[in-house]
Amino acid sequence: MTIDGGRMTSKQAWVLALASLASFMMALDSLVVTTALSTIRQDLTASLEALEWTVNAYNLTFAVLLLTGAALGDRFGRRRMFAVGLAVFTVASAACALSPDIGTLIASRALQGVGAAMVLPLSLTLISAMFPPRQRGKAMGLYLGITGLATFSGPFVGGVIAEGLAWQWIFWLNLPIGVIAIILTARRVEESLGPNSRLDLVGVVFVTLGAFGIVWGLVRGNAAGWGSAEVLGAMVLGVALVVAFVLWEQRTKAPMLPMRFFRLRAFATANPANFLVFASLYGTMFFLAQYFQTVQGEGPLGAGLRLMPWTATLMVCAPIAGRLADKVGERKFVVGGLLLQTLGMGWIALVADTGTSYLELVPALIVGGAGLSMAMPAAQKAVVGAVRPQEIGQASGAFMMLRIFGGVFGVAVSVAVFASAGGYASAEEFGAGFTAAMGAVTVLAFVGMLVALGMPGRRPTAVAAPPQAASAAGASPRR
């Protein structure tokens, strides 16, 4: 395989393949769980709130431990912690499959999130460290394209499981993949460390508890009430601890997330833009399958099949966008992608009702999906390309954490808007809530597009890199 006119080395190919395999496994697991919830509810006699926690427990531990996972990789070895994360995720998958009740399943899902918090930021770090800037965009595009294969097939696989197979197979499938990935990682990936020799324990505590408070408030807001003492207390405490984290990182000699990153234009604009990319993505994903089932009368498998024109765009468009971003810069793709998502979801918000045919929605699904597929690899490349190569782990952890926060935020906003305008009593009532929710994700995408306009117009180089290193990496000067 070649990248940017040069043949990919064996080391690069193994790193890209194993990082993509790990991302594929976790993306598939997340999507399949979402579409198999009805089967889990019947088998374990779970309440609606308990079902929500089978999804939220994973996202909660995943989001709050992302920066910690990246920091552990920089301190103890990226390959070592990547393999440990795979092992935790694989063991937790077996625990999920063996769960005798919903409480055990929720706890096992939380443990899966712990493993994912180590694996996913380090998978991005391993790729970014292995490929020089001129090749990194296409490598990330291939990584996201393989992840997109899970996105493409996830709804279909979930539908098949929900309608005919035991839901436990969602988790059993992770065992052979996880074991193979761990063995190959130990044999084929070289060890690397980050710039810091010490683990910032105070920073870990502040950011973990602060993120936990914010995510808990977002997750519990609709159930407990946005004005309740529980939600307000969690949000206020979370924000206070995040502020304490920022102040601490400015003072400590070995910060886990240097605050000077946010003085870099690319880092400071691409991160919030990508936050809104995933807010719009997750808000859309949460309701689309429900719309096909509740309003159009499809089963889980039929709903999964109808999502494929939307999910297939990530597999097709992400590698192309990643390669072209190397040549023309990231801003055009992030801005253009969010514009397409705005148009696609805005169209759905205008035309979707109980009498709308599926074919009327297909063009909007393709346009919106293509837009998200354009924006994601370009935003990733802008963030990691803005820092020194040895700081990629720290930047990746921040990027991934904000991405998951964006997803939690998007679901919380779209669910709150849905609940204010509709409900589940009838197809008509659900349709009213659905169109309102699609209006909300349209606004999120539009705001993200405005933020992305502030990104640098040309590809950034690693900050403060020595001229020799910049030349060796093939970086072009900032303009």
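Residues are called buried under 20% relative accessible area, exposed over 50%, and partly exposed in between, with a 1.4 Å probe and protein chains only.

## Overview

This is a predicted model, in which local features need pLDDT of at least 70, side-chain atom pairs count only at pLDDT 80 or more, and totals for chains, interfaces and linings use all residues. Residues are numbered from 1 along each chain as its sequence is written, and side-chain values use heavy atoms, with hydrogens and water left out.

The protein has 479 residues, of which 57% count as buried. Its secondary structure consists of 17 helices and two strands; helices (H or I, at least four residues) and strands (E, at least two) are DSSP runs, numbered from the N terminus. Contact means heavy atoms within 4.5 Å. Among contacts between residues at least 6 apart in sequence, 83% join residues at least 24 apart.

## Helices H11 and H14

Helix H11 (residues 265-294) and helix H14 (residues 358-384) have axes that come within 10 Å and cross at roughly 150°. Axes are lines fitted to C-alpha atoms, for helices over the stretch in contact, and angles run from 0 to 180 degrees between N-to-C directions. Angles under 35 degrees count as roughly parallel, over 145 as roughly antiparallel, 65 to 115 as roughly perpendicular and the rest as oblique. H11 and H14 are therefore roughly antiparallel to each other. The crossing of H11 with H14 is left-handed, a term used if the near helix is turned anticlockwise from the far one by less than a right angle, with right-handed used if clockwise.

On the H11 side, the residues in contact include Ala266, Phe267, Asn271, Asn274, Phe278 and Tyr291. They meet residues of H14, among them Tyr358, Leu361, Leu372, Met376 and Val383. The residues of this contact divide into 18 nonpolar, two polar and no charged. In this division, Ala, Val, Leu, Ile, Met, Phe, Trp, Tyr, Cys and Pro count as nonpolar, Asp, Glu, Lys and Arg as charged, and the others, Gly among them, as polar. H14 itself is mostly covered, with 21 of its 27 residues buried. From its first C-alpha to its last, H14 reaches 39 Å, close to the 39 Å expected at 1.5 Å a residue; the expected span is 1.5 Å times one less than the number of residues.

## Helices H11 and H13

H11 also packs against helix H13 (residues 331-351), at an angle of about 25° and with the axes 11 Å apart. That angle makes H11 roughly parallel to H13. The crossing of these two helices is left-handed.

From H11, the contact involves Arg265, Ala273, Val277, Ser280 and Thr284, while H13 contributes Arg331, Val334, Leu338, Gln341 and Met345. By class, the contact of H11 with H13 comprises five nonpolar, three polar and two charged residues.

## Helices H9 and H10

The axes of helix H9 (residues 201-224) and helix H10 (residues 229-251) come within 7 Å and cross at roughly 155°. H9 and H10 are therefore roughly antiparallel to each other. H9 passes H10 in a left-handed crossing, and their contact has 18 nonpolar, six polar and three charged residues.

## Individual residues in helices

Tyrosine 282 belongs to helix H11. With a relative accessible area of 24%, tyrosine 282 is partly exposed. Not counting residues up to four places away in sequence, tyrosine 282 touches Gly407 and Val411.

Valine 179 is part of helix H8 (residues 174-188). Its relative accessibility is 43%, so valine 179 counts as partly exposed. A C-alpha separation of 9.9 Å is found between valine 179 and valine 91, 88 residues apart along the chain.

## Individual residues in loops

Methionine 256 occupies the loop between H10 and H11 and counts as buried at 6% relative accessibility. Not counting residues up to four places away in sequence, its contacts include Leu67, Ala71, Val204, Phe245 and Gln394. Methionine 256 and valine 204 are 52 residues apart in sequence, with their C-alpha atoms 7.8 Å apart.

Threonine 45 is located in the loop between helix H2 (37-44) and helix H3 (48-76). At 71% relative accessibility, threonine 45 counts as exposed. Threonine 45 and aspartate 101 are 56 residues apart in sequence and 8.4 Å apart from C-alpha to C-alpha.
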